[in-house]
Amino acid sequence: MVYYLIGAPHKSNENTAWLEMEKHVLTSGISRQAKGKILQTEIGKFKLGNLDHLMFINDSLLKQESVVESLLKKIERQYLDVTEKVSYDFTIELKEGPQSIENFLFQFKWNDQTFPRASALTELVKAISSRATHVETDLRQKSTSYQELKNQSQQVARKEGNLLVRDLVDVLKEPIVKPRDFIYSDFLTTLVAIVPKTQIQEWLACYEFLCENVVPQSARQFQIEDKDNLTIWRVVIVKQSFDKDHDIDVADKGDDEKGKKQKQTPVEEFIQKARDKLRITVKEFEYKSQESKEREKLRLDLKSKSDHMNTTLKQACEKAFSDLYITYMHLKVLRLVVDIAMRFGAAEPNIQCILKPDQGKEKKVQQSLLKLFADPSQVGLYGTKEELEDTEDFFPFVYVPINIP
């Protein structure tokens, strides 16, 4: 959706000029649902200064406009990310109550309390910049807090998937397992094996012989269902090797000398042989009865905080967009006023209005405006920067588009 702020001199009076605008632009059949309204900007209330000052202010406004538009788009992206929506129609919060963006634009009134027209133009630009900076800083702080909570929640979130990828703390918990199922001492430790159902018989026949440190008949299956037909078992290992001189050939990846002998613990030996000979994954796992309960409590706590921060950030985005859009419209109108003063002079009778062309009819509306305000012999001199292959649009009237949303 696009809106045009238009400013142009007229030779009769404002009402007559507006009737001509309606006749040639709004009701010409080009745009059936096009809308328009005169803007009461009262140029005489602004401290405009000389031409050099106006040109300086215009450049400053163009730079600030780019900053504000970028920030508005950033707020919208943040809001859609938080709410997981595809699109959203923001409202503008005024003293009279919330309004749609279109109603706000067509009923726009300059706010002298926030942006006093009696101030110097440089002060108005500073006020616009200050409000944009305040909005950005406040939203960034809330966004950072939300992201930190989100990251914490992701770190303790339950991993989805089969037993090979899930966190075993979330799997091996009471009442599925009991503390007595796991043996940990100076000499013994418990490992956990993920065994496909099709390999259970092979596992039971071979696990005691993968290394000499396996405690015989220590394998025990836990009754856990898995969508990929995987089962989970515990097995007890003697941690210390019976043969102190026993070592295993292991390729040292950090050394060019292949086949270098490196001592391997019984736990490492069992894990490696289960993988190499049986293609079964074995993991070290230390069971702590309170850990799963504490993690679940932490999850719930983080979720509660995250939900609250989500709501807070959503509301902050709505308020930030509303506040900044009000500032944005004042910036656009100030651009209109400054441009009119530069091109036609503040003392010359002129009309300022806002137009909303039908979607897809923007180009035809521009052509209608050209016919209305341009000398017929000079129509070819005007157009958008793309048409003119220039850095700026050039029209016989002041043209300030509003492209957000």
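Because Glu-269 and Lys-273 lie four residues apart in helix 6 (residues 266-278), about one helical turn separates them. In this predicted model, the two residues form a salt bridge, with their closest N and O atoms 3.0 Å apart. Side chains of opposite charge can pair when their charged atoms come close.

The two partners are classed separately by accessibility. Glu-269 has a relative accessibility of 7%, under the 20% limit, and therefore counts as buried. Lys-273, at 24%, falls between the limits of 20% and 50% and so counts as partly exposed.

Glu-102, by contrast, has 15% relative accessibility and is classed as buried.

## Further salt bridges

The count of salt bridges in the model comes to 16. One of them joins Asp-276 to Arg-275, whose closest N and O atoms are 3.6 Å apart. Salt bridges that share partners also join Glu-42, Lys-45, Asp-112 and Arg-117 into one network.

As for accessibility, Asp-276 is at 47% and so counts as partly exposed. Arg-275 is likewise partly exposed, with a relative accessibility of 47%.

Strand 12 covers residues 398-402, and five of its five residues are buried, so the strand is largely enclosed by the rest of the structure. In a regular strand the side chains alternate between the two faces of the sheet. Which residues of strand 12 point one way, and which the other? Val-398, Val-400 and Ile-402 point one way, while Tyr-399 and Pro-401 point the other way. The residues in both of these groups are buried.

Strand 12 pairs with strand 1 (residues 3-9). The pairing is antiparallel and extends over five bridges. Within strand 12, Val-400 is the bridge partner of Leu-5.

Terms used
Residues numbered from 1 in each chain as written. Predicted model: local features only at pLDDT ≥ 70, side-chain atom pairs only at ≥ 80, totals over all residues. Heavy atoms only, no water. Buried < 20%, exposed > 50% of the residue type's maximum accessible area, 1.4 Å probe, protein only. Helix = DSSP H or I, 4+ residues; strand = E, 2+ residues; numbered from the N terminus. Pairing = 2+ DSSP bridges. Salt bridge = Lys/Arg side-chain N within 4 Å of Asp/Glu carboxyl O.
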